[in-house]
Amino acid sequence: MILTGNKIRDEVCAGKITVEPFNESQLSTNSYDLRLGYKYLQYKSGIIDPKKRHAYDIHDIPEDGLQLESGDFLLSESLEVIGSNNFVPIIHAKSGTARAGLFVHITADLIDIGSIGKVTFQLYATLPVKIYPEMLLAQVSFWRPEGAITLYKGKYQNSTGPQPSKTYLDYV
Amino acid sequence: MILTGQEIINSINSGDITISNFDCSRINPNSYNYLLGNEIKVFSEKDTDGSPKFDTIILNEEGYVLRPGSMYLGVTDEIIGSSLYAMSLIGRSSMGRLGLFLQISANLGHTTSSHQWTLELHAARSIRIYPKMPIGQVSFWKNDGDVQCLGKTYALYNRPTERLPT
């Protein structure tokens, strides 16, 4: 079962969902709108090998916007810290973002229960599109789990900025 | 409702979920990490009727580099299915962070399907893939209503399978 906007607000107030900062105007009927943060991460050139750490740069998203071109791929962050020890968050683009041709994740929409942090957005542009810090970009919905809960203790816990992939840790 | 990791384990023990070569260490708080099977299909050329033709490649330990702009077909190493729950098959966030799509917006697995799922691989950046790498996640969802299988098509296949003629 998916939580309604009113239920998300109630659970944030009850401390069972973390959304920080929380702004009631970002609630919608079945979700909460997420804003884009201030940083983006781009991998350096070359073939990416999941068994190795790939070099990258982190930059500020300019206040007057960052122009993405069709085919561009970069990582960014949500402005908000989100998560829950009680419900499962799922990330979606805002419909307007999708209509502009911008993916906000690459087939990885599901967040683990107990994972609290800034969402790393996987931005992939299919058309030229401009992004701005603090823009309303994505949304998060919350889903009721069935069964005993074991909280997330993974490698991306407490993320505070765009987090590059750590698949290489699977192979050490 | 989405099953927690513990409930996925319980359902495997009760037979309500099938995952071949099940390994408890690949359980997440609300999903299971599946592996990439060793066979992929690579687009080669357009057939005379305009449909895509594929070459089959068997992955070895050196892996294989996917290039941007094309779509490759892969397959889960495991047989995954459930007679009781619906499924959502997605990529791991660790692979999404490397720019690798694991399917093209078709994540829903129907209740009663049980097979090796075809994956639609699309790379935003050139990336090397390896056989048996943990590449995606499957979650399980409770149904509301009577379950009735209304036919199977791709669920009958256990190898990377392109679109069938309609």
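## Exercise 1: sizing up the two chains

Of the 172 residues in chain A, 40% count as buried, where buried means 20 or more other C-beta atoms within 10 Å of the residue's own, exposed means 12 or fewer, partly exposed falls in between, and C-beta atoms are placed from the backbone. Before going on, note that this is a predicted model, where local features need pLDDT of at least 70, side-chain atom pairs count only at pLDDT 80 or more, and totals for chains, interfaces and linings use all residues. Residues are numbered from 1 along each chain as its sequence is written, while chains are lettered from A and ligands numbered from 1 in the order in which they are written.

**Task.** Work out what the radius of gyration says about chain A and chain B.

**Solution.** 
- Step 1: take the rule for a globule, which is 2.2 Å times the number of residues to the power 0.38, with the radius of gyration taken over C-alpha atoms.
- Step 2: for the 172 residues of chain A, a compact globule would come out near 16 Å, and chain A has 16 Å, so the two agree.
- Step 3: for the 166 residues of chain B, the rule gives a value near 15 Å, and the 16 Å of chain B agrees with that.
- Step 4: check burial in chain B, where buried residues make up 40% of the 166 residues.
- Step 5: look at contacts (C-beta atoms, placed from the backbone, within 7 Å). Counting those with a separation of 6 or more, residues 24 or more positions apart account for 77% in chain A and 74% in chain B.

## Exercise 2: strands and sheets

**Task.** List the secondary structure of each chain, then find the order of the open three-stranded sheet in chain B.

**Solution.** 
- Step 1: count DSSP runs from the N terminus, taking helices as H or I of at least four residues and strands as E of at least two. Chain A comes to two helices and 12 strands, and chain B to two helices and 16 strands.
- Step 2: read chain A from the N terminus, and you get α-β-β-β-β-β-β-β-α-β-β-β-β-β.
- Step 3: call two strands paired if DSSP finds at least two bridges between them. The open sheet in chain B then has the order 2-9-13, with antiparallel pairing.
- Step 4: find the edges, which are strand 2 (17-19) and strand 13 (114-115) of chain B, each pairing on one side only.
- Step 5: zoom in on strand 9 (residues 80-82) of chain B, which pairs with strand 13 of chain B over two bridges. Ile80(B) has His115(B) as its bridge partner there.
- Step 6: for another antiparallel pair, go to strand 5 (residues 39-46) and strand 6 (residues 52-58) of chain B, with seven bridges. Lys41(B) sits opposite Thr56(B), and in the hairpin, with five residues between the strands, Gly50(B) has a positive phi near 90°.

## Exercise 3: helix 1 of chain B

**Task.** Which residues of helix 1 of chain B are buried, and what do they pack against?

**Solution.** 
- Step 1: pick out the buried residues, Gly5(B), Glu7(B), Ile8(B) and Ser11(B).
- Step 2: list the packing partners of the buried residues, including strand 12 of chain A and strand 16 of chain B.
- Step 3: finish at Gly15(B), which follows the helix with a positive phi near 90°.

## Exercise 4: where the chains meet

**Task.** Describe the contact between chain A and chain B.

**Solution.** 
- Step 1: count the residues, 37 from chain B and 37 from chain A.
- Step 2: sort the chain B side into 15 nonpolar, 16 polar and six charged residues. Here Ala, Val, Leu, Ile, Met, Phe, Trp, Tyr, Cys and Pro are nonpolar, Asp, Glu, Lys and Arg are charged, and the others, Gly among them, are polar.
- Step 3: find the strands that cross over. Strand 12 (residues 145-146) of chain A runs parallel to strand 1 of chain B, joined by two bridges, and Glu146(A) has Leu3(B) as its bridge partner.

Technical notes
Two residues are in contact if their C-beta atoms, placed from the backbone, lie within 7 Å.
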